[in-house]
Amino acid sequence: MALLDIENLTVEYPVRHGIFTAVDDVSLTVERGEILGIVGESGAGKSTIGNAVMGLLSSPGRIAGGTVSLEGDRIDALNAAKMRSLRGKRIGMIFQDPMTSLNPLETIENQLIETIDHHLHVGTAEAKERAIRLLEQVGIADAPNRIKQYPHEFSGGMRQRVVIALALCAEPDLIIADEPTTALDVSIQAQILDLIKRLCREENVGMILVTHDMGVIAETADRVAVMYRGKLVELGDTAQIIGQPQHPYTKVLISAVPPSNKRIDRFTRVDYAQSGTPPKADIDLNTHWLGDGPARQIDGQAMLTVASLNKVFRSGGGLFGGKAQENHAVKDVSFHVKAGETFGIVGESGSGKSTIARLITGIHKPTSGEIHFNGDPLHEKPKTGEEILRRRQVQMVFQDPYSSLNARMRVGDIVAEPIRVNGTAPSTSAARTIAADLLALVELDADAALKYPHAFSGGQRQRISIARALASRPRFLICDEPTSALDVSIQAQILNLLKDLQAKLDLTLLFISHDLPVMRQMCDRIAVMRYGEIVEQSGGEAIFTAPQHSYTRSLIDLMPKFEPDRM
Amino acid sequence: MTRMHAFLSSDFFWKFKRSPVAIVSFTVAMILILSAVFAPLIAPHDPFNPGSLNLMNGFSKPMEPNQFTGDTFWLGTDDQGRDVFSTILYGMRISLFVGVASVAFALVLGVSLGLLAAMAGGRTDAIIMRLADIQLSFPAILIAMLVFGIAKGITPVHLREEMAIWVLIISIGLSDWVQFARVVRGSAMVERQKEYVEAAILIGRGPIAIAVRHILPNIVASVLVIATISLALAIIAEATLSFLGVGAPPTQPSLGTLIRIGQGYLFSGEWWILFFPAGTLLALALSVNLLGDWLRNVLNPKLD
Amino acid sequence: MKYLLLSTALTLGAAPAMAETFKWASTTDPQTMDPHAVNSAPVLGFLNNVYEGLVRRGKDMAVEGALAERWEPLGADGWRFHLRQGVTFHDGSTFDADDVLFSYERASSESADTASWFSPVSEVRVVDDYTIDFLTNAPNPLFPSSIANFMIMDRSWAEANESVVPAKDVETFATRNTNGTGAFQMVERQPGLKTVLEPFDGWWGEVEHNITRAEFTPIQNSATAVAALLSGEVDLINPVPIQDAERLGASGAVNVIRGIEARVIMLGFGHEADTLKYGANAGDPNPFRDARVREAVAKAVNVPAILQTIMRGNAEPASQLVSPAMNGFSAANDRRPAFDIEGAKALLADAGYADGFGFGLKCPNDRYLNDEAVCQAVTSMLAQIGLDVELDTMPVSNYWPELRADNYDMYLLGWSPGTFDHEHPVRFLVTTPNAEKKLGSWNFGGFSNARVDELLPMIQSEIDPAARQAMVDEVTAIYQSEHTYVPLYVQPLVWGTQANVSVVQRPDNFFILRWVTKG
Amino acid sequence: MALYILRRVLQSFFVLLAVGLVAFSMFRFVGDPVDNLLGQERTQADIERLRDVLGLNDPFIVQYWNFLKDAVQGDLGVSFRQGRPVMDIFIERLPATLELALISAIFAVVVGVVLGVYTALKPKGWLTNLILTVSLVGVSLPTFLIGILLIYVFAVELGWLPSFGRGETVQIGWWTTGLLTGSGLKALILPAITLGLYQMTLIMRLVRSEMTEVLGSDYIRFARARGLTDRSIHFRHAIKNTLIPVITITGLQLGSIIAFAIITETVFQWPGVGLLFIDSVRFVDIPVMASYLMMISVMFVAINLIVDILYVIIDPRLRAGENT
């Protein structure tokens, strides 16, 4: 008999226009000591399954059909009290974001002891013993002292360990981990995944690992359930799913994941999600508006040069002074980008890679150092009108497709704004037609121009964002984590689009990301950053094949391996 | 599709249709506001025209003929023989005008200062916020009284009658701009960090254009909610000031002045002189408050 | 500022006043206990129970002996007072002529508010311990009655407590402590909250009251006072808001005592002003210089209507600047212009204002009973004859400065003669303003009539009542025909008491404890 | 921390100066005190002399300066009206106001928090909607009107409670309290409610929105996922996190309670400093007005400061913040 047995589970959310079926007739089982990965893109309903099992469906969601059984006993219809006695005691849960999962006002000790004592009734003293042991178990050094601390005194990774400890408090039989590592850096992610795996084996508990990250699945799960729009499209062993996917969606999914072990020039068959064929716009640069403007550069020449760049942020201080804190975000960074190439900057959060982008675009002013773009000193104030216009050739595609578009402007206006502001089009109507062309160029329907951003998905928004960048007729395009907020299939489309545009428009790209496999697919040359410094830079493949710096090496080792051809 | 159609199919309108509270309070507010605006057409008498008053009509009971003149008034008359119903309509006009104008004043002042603080930052920000502190370290009602005192003092003697209302507006507005400034500053700070602002900078938008064209539209929800709630507050503040004797002149009474006059007769049997204006004030403020409350829930902006 | 203080009502759960304790409430707290520091009705009225003068006013306002048993004129030179013997102050020290001399010095000192009472006095001479002479510059028949509120203080006590001179800018011992010869002595004083009096056993007079303890509480808000009265928390309130008087009287639980106050409410004009200052015609020549216009105003104001509604029939119309209860009331001129719109319009037409004109009326809103309402009523009544009035009402503390600065075209004024004699308003309101002679100091409009100026000194020094009255009648006739002021009505006096309380109400609105009986 | 407090005090000092300046520049327009001090037989000469004595002929800057000079020595001057040191008068009147403010603050906080928590925990219940709607009535009427109506109902119609005053008070040193006598307590009820109602509503709504937000937070969901009881989740984890932001607003509200006491005290004839202030405005008693305004802003500033400090003490994150 399976530890967890889900049969024909259907979860529904009544919404304004009828009923939304989040989970549609899903059946699956979890055995003790087994890790079942549930993978899928946003809106696939993977998290909903976990919440349904826990009885924590956010209102107005409800289980509309099917059964959930824990070791044979049905738990989908239990009353609140019974369900509560189950939570934590028999089913533990791990949330995505460790920063917000802990009560900031209670010490770790209190939160652990409360949970332990609540379930095991062992008394405070005993509970504290166990608490400390748990912390040690999840790999927190100096547990007896650290237990007295508050959550904010722990780093993200450490917090996630505490969260796991809390989930394990009452020695549950089943653990549901909902994107447990998504909020963490690669290096931490690896450690947490190892921890989860180990605990699973040692304690012989069953686990549902919900994630969108195929790499994580490949590394951790025994079996994989692939979800698409609430339906379970394929269920099988990890090797099989990744090696020989059967369902077309799975195939698309797999093919969309950037392989960590080799470079492919293009992602194939990423159109499962799309309905119909997008408008293919071919623009003749010799005749089109997009074509004119300042003359192009000969490829291979250095287009952007950054010399011993420094940036120090000061925070605090006010009208009456007060102590200001300093943060040296960028330390003595130098590199150059050749015309026509794609230069990558990779690094973990807080490594300063995004700051560099904002220094180049002039959103931040450098503390010291020089930035030259086609000879213009970007670190100084522009002197002439032409120089200002030349600087517009540096444009940017942002990370968050939701905050990077002004929600109160129509898409058409968003794209046309640069044209109007810079007066590069003869008339407003002309600007509007150009905007339409650009939208078509990024494969959006013609009526998109009239809609507001909220009408679009993340991927489409990213396309709009690109179109807006193009509206300034850029030569140099900075892509700051352009796909980290997107699902893999969408990511593949965007990456393809970028490659196409680069070829078509002869763009030079500065590609910033934390995602090594993606970097491998995109970049000709890569710089690795840590704590604001560039530790290593060399040809794209070289970084992966022959990493020089120890930090680079550890990154390469720790990144989740996703190698379909090896399976 | 037309804007109207867009609005009718919007979630906003959908939620509105499903909220009896919203519908009722909106209707009540509208009826009151319209009847105030069109008071001259609706009101049977013109209480602001002294010539039309007959003192002997004073203290007529509602719906009963006056013992001397035999005239009958729906809601009775006050001590001056003014038809209470008409006076309420005209009074509500003044209350609303004062309320709306002072909120508008506070809004313009607060929003611009708030935006300025958020965009400029540094010393400018610090100074503006200190200013707000000073303002806050002093109860609104006292501020209003102070300003009223000063303004009444510095306005040329022969202009006072006309000035009274404007002085009222400014004094209420001045005591109210801070919360606009604070909220706008707060939200603007948040918006300013968003990437669409960086994009705007990148394409060469100046700070003012960014503040007005990009940030402002995105924080309009908070402003709207505060404005609604402040409207109710302003109307009440006007009443309180009138009660303290620094409100609208008795010859052109606002609801507040009417209540102030009426409360003198609460125990002498002429209850209607107090209760009808008070009821109107309650209906007005309450419906506006309920609307604001509903807006807050629907638009759910982050008010500090 | 009546409306500053809010109407409230009947309160229960408060312990009913004990039989022998008498509690009363009035709107204003006497701002000081010093009988010479402030010359205001609340202070003098209250202190009349604690301090005594040489003379005092009886239930009928007639002047009678107090600390002086009798007095006679020293020909034309002044007055001699024979003091009562065996009188002691509350602290036990005995009263004699020296105390009177001291009190005179104190009350006429520069920092004393009562100095003006003694402007006619040239010298005060102590004859013996119980005889004292007040010498006057000119014959002064009214002198004794004019010092009815001149209260005698003990020299030794004042000197011992460094209160030799009254003061406003600092607190002296006498500001919060008393030592009089009156029927009651002060045992507790919480300024603004509570003042407690107890009968003075050593009092020389005959005790008519049956009170063992009296508590005074200021309740600014008269309607709150009504509540307190109804709930039995207090035995007497002054005033009862006139709009509440009717119901109170009807309730039966309490008595409403109505009377006529000495105060006459009137409209005043800018007689000297060349131009109007307010309203539609600001800057145009001042029509009120024309007596016909002033008369038109007099005819256009429907006084009976005001008394009927705003005053609820509690007040009497006034024909002149004093009420009939006052000495020197001119019965010969007891006629006021009848309400006559057409007549008023005709007068305006004569004066060349057939289409009326616009001007400004200044009015206090916390000084007289329903003053603001009255002004509004006047505004609408004048509108009937085409006068477009711009009414500006304000607290009295803004009002007097405005009047002194001549910021008005027309204004409302109430006058209560301190001496209860017709001469008083004539001196202050009608004679040509003259600073050093201290004449016409409230004649804001600057009305000037040679004959009146001529008559005033004669009136002041005329001994023969008939001759004097004749002159007063003449003055009255003059200011009536000139319509110097438009007298409207005599302000009513409305007190409320518990049914079992009997009190005496005098037109000066003083509340005299020693006439109170309870139960 | 010390530096922070120092900075705040410095700022507060400027606030005070500003307030005082505004106040004094305004007094000229309130009216002329001398007419209230002199009887009707006063002459122009008397008026001038008194104006001199009271220093009213000096430019307001000078008056302000003199006031400050004495104020720093603890001398607030002598009331024009009562001819007594303002300090003494305040000491007599302050207890009444502070007791009233305290009681209504307690009322506002206790009821506000309780209702706020309830409405947050039962967002759908009919009682919640009732509470929310009715509470709006409290902020839709001017305080003075609420006062009148309460008096009308509970004092006039029902006759349960006194309509004005403090009832019997007991003297404890210089402090007079109404808290120790039956009539004193009864007399407190209506004014306290009138004064506290507005703040109560604000606090309630604030608590509600904060609590709702907290209840939606991850750590509450995680607490549920750990199977903790609702009681522990609501009253141990949620409330604490809710109250932190509430403290700031509440603190400021306490300040405005004392300020708004002006109106309530006027309505209920409550013998506190608020009533004193209104009287002083009426009689243009400049020393009293100035001192009152100063006192009010000192209180505000002090409360703000205390609140900020409290804030740091309660929230471990901030505590850490100022250590590092």
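In which helix of chain A is Ser429(A) found? Select α14, residues 428-441 of chain A, and you'll have Ser429(A) in your selection. (Helices are DSSP runs of H or I with at least four residues, strands are E runs of at least two, and both are numbered from the N terminus.)

Before moving on, some housekeeping: this is a predicted model, where local features need pLDDT of at least 70 and side-chain atom pairs count only at pLDDT 80 or more, while totals for chains, interfaces and linings use all residues. Residues are numbered from 1 along each chain as its sequence is written, with chains lettered from A and ligands numbered from 1 in the order in which they are written.

Stay on Ser429(A): it counts as exposed because 9 other C-beta atoms lie within 10 Å (exposed means 12 or fewer, buried 20 or more, partly exposed in between, with C-beta atoms placed from the backbone).

Colour by secondary structure and you get 13 helices and 2 strands in chain D. Of its 324 residues, 55% count as buried.

Last stop: bring chain C back. The contact takes 46 residues from chain D and 44 from chain C (two residues touch if their C-beta atoms, placed from the backbone, lie within 7 Å). On the chain D side, pick α7(D), which gives the largest share, 7 residues.
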